[in-house]
Amino acid sequence: MGYAANIDRLEALGDAVNNIATKHFSLDIQPEQYPIVGRNLLKAIREVLGAEVASDDVINAWAEAYGQLANILIGAEKVLYENTKNTAGGWSGFKPFRVINKVKQSSEITSFYLKPADGQPLPSYKPGQYLSLKLNDASLVNTELRQYSLSDSYNSDSYRISVKREPAPQHDIPAGVASNFLHDMVNVDDTILVHAPTGNFYLDDSDKPVVLISGGVGVTPMLSMLNDLVRQHSTRKITWLHGTRNRQTHAFREHINALDNDLAHLTKVVFYDDVAGATQDTDYNHEGYMTAQLIKENCPLDAEFYFCGPLPFMQAIHTLLRQSGVADEQLHYEIFGPGEALI
């Protein structure tokens, strides 16, 4: 729809094209797949609208428009593929990685440490970016492609992702296939197919204060950003806001507490829904949810704000930050779904 609305001013699609191309790159989409999608798209248009509305002239116009968009995306994706292939340690497609460690971080989240099976050094990535995994196993009905944020700062030896087990949300909706497969079936020394890192959500290089806000497993890209700032010995003022249900679901608690003790320029504020069995000011700081007042009390409002978590959490944070007077250009986030859903 965005493409159709801006067909006469394609420059307005810059960010959207970049985001789509990045996602296609992560899935290893190739030029020869575009005609297949185009043929089926045109069939769907004719089937939904009917032959009277979707006349030959209309279908031909859509075919021309789709071909134009396909060429734009193919060109953008070609740049991504070539840049990655020409980067030191870079590779094309999905490459075998060996699981060298598997660490339980909470009752829901487990980290997987991944090292290239060929032993080659790894290309760098920006904190906040993600990996794509291709899971094809006899126990799976289909080949599963999933994206998981890198959850640590870069090192040339291995990557780390931290995956939340997704249970069935209700009786008629199944549990997450990929996350449960990783938790239950993938162990140390197993091999996983991995695509090179990518993503348009990452920490900037400014000297401004930075606020990292996360809910649940949204902690993973925030932790990559925090650890990268520590690795670089950054002097930026850092505010860490994290919300989770309880002590059992609180991933990376000990790591963040240690950083909070060591770094004078780090402020840590943790929120629990349920504080049973938890110690205030050690495990958590506040019971309940983040509020505009707590954000104003703990965050420099001239900072760059990064936030990630479940969609309802992100919608609430977006609203709170705007109510607190934070300008849109200071807000950085990524939604794995329609971008309009946040507003």
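Reader: Between which two elements does Met290 lie?

Author: Met290 sits in the loop that joins strand S10 (286-287) to helix H8 (292-298). Helices (H or I, at least four residues) and strands (E, at least two) are DSSP runs, counted from the N terminus. Please note that the model is predicted: local features need pLDDT of at least 70, side-chain atom pairs count only at pLDDT 80 or more, and totals for chains, interfaces and linings use all residues. Residues are numbered from 1 along each chain as its sequence is written, and side-chain values use heavy atoms, with hydrogens and water left out.

Reader: Is Met290 buried or exposed?

Author: The general idea is a threshold on relative accessible area: buried is under 20%, exposed is over 50%, and partly exposed is in between (1.4 Å probe, protein chains only). Met290 has 11% relative accessibility and therefore counts as buried.

Reader: With which residues is Met290 in contact, leaving aside its neighbours within four places in sequence?

Author: A contact means heavy atoms within 4.5 Å. By that rule Met290 is in contact with Ile213, Ser214, Leu241, His242, Gly243, Phe271, Phe313, Ile317 and Leu320, once neighbours within four places in sequence are set aside. For a sense of distance, the C-alpha atoms of Met290 and Val217 are separated by 16 Å, and these residues are 73 apart along the chain.

Reader: How many helices and strands does the protein have?

Author: The secondary structure comes to nine helices and twelve strands. The radius of gyration, taken over C-alpha atoms, is compared with a globule rule of 2.2 Å times the number of residues to the power 0.38. The protein has a radius of gyration of 22 Å, close to the 20 Å that the rule gives for 343 residues, so it is as compact as a globular protein of that length. Its C-alpha trace spans about 70 × 50 × 45 Å along the principal axes.

Reader: What percentage of the 343 residues counts as buried?

Author: The buried share is 46% of the 343 residues.

Reader: Where is Thr239 found, and which residues does it contact?

Author: Thr239 is in strand S8 (residues 238-244). This residue counts as buried, at 0% relative accessibility. Beyond its neighbours within four places in sequence, the contacts of Thr239 are Val210, Val211, Leu212, Thr267, Asn298, Cys299 and Pro300.

Reader: Which residues of helix H5 are buried, and what covers them?

Author: An α-helix has 3.6 residues a turn, so residues three or four places apart point the same way. In H5, the buried residues are Ala178, Ser179, Asn180, Phe181, Leu182 and His183. Their cover includes S1, S2, S3, strand S4 (144-149), strand S5 (159-164) and S6.

Reader: How many salt bridges are there?

Author: A salt bridge is a side-chain nitrogen of Lys or Arg within 4 Å of a carboxyl oxygen of Asp or Glu. By this rule the count is 15. One of them joins Lys95 and Asp118, whose closest N and O atoms are 3.0 Å apart. Lys95 is in strand S1 (residues 94-104) and Asp118 is in the loop between strand S2 (109-116) and strand S3 (130-135), so the pair ties together parts 23 residues apart in sequence. Lys95 is buried at 11% relative accessible area, whereas Asp118 is partly exposed at 43%.

Reader: With which residue does Asp189 form a salt bridge?

Author: The partner of Asp189 is Arg98, with the closest N and O atoms 2.8 Å apart. Asp189 lies in the loop between helix H5 (177-185) and strand S6 (191-195), and Arg98 in strand S1, so this pair ties together parts 91 residues apart in sequence. Arg98 counts as partly exposed, at 33% relative accessibility.

Reader: Which residues are linked in a network of salt bridges?

Author: The network links Arg247, Arg253, Glu254 and Asp283. Within it, Glu254 forms a salt bridge with Arg253, the closest N and O atoms being 3.1 Å apart. Glu254 counts as exposed at 54% relative accessibility, while Arg253 counts as buried at 9%.
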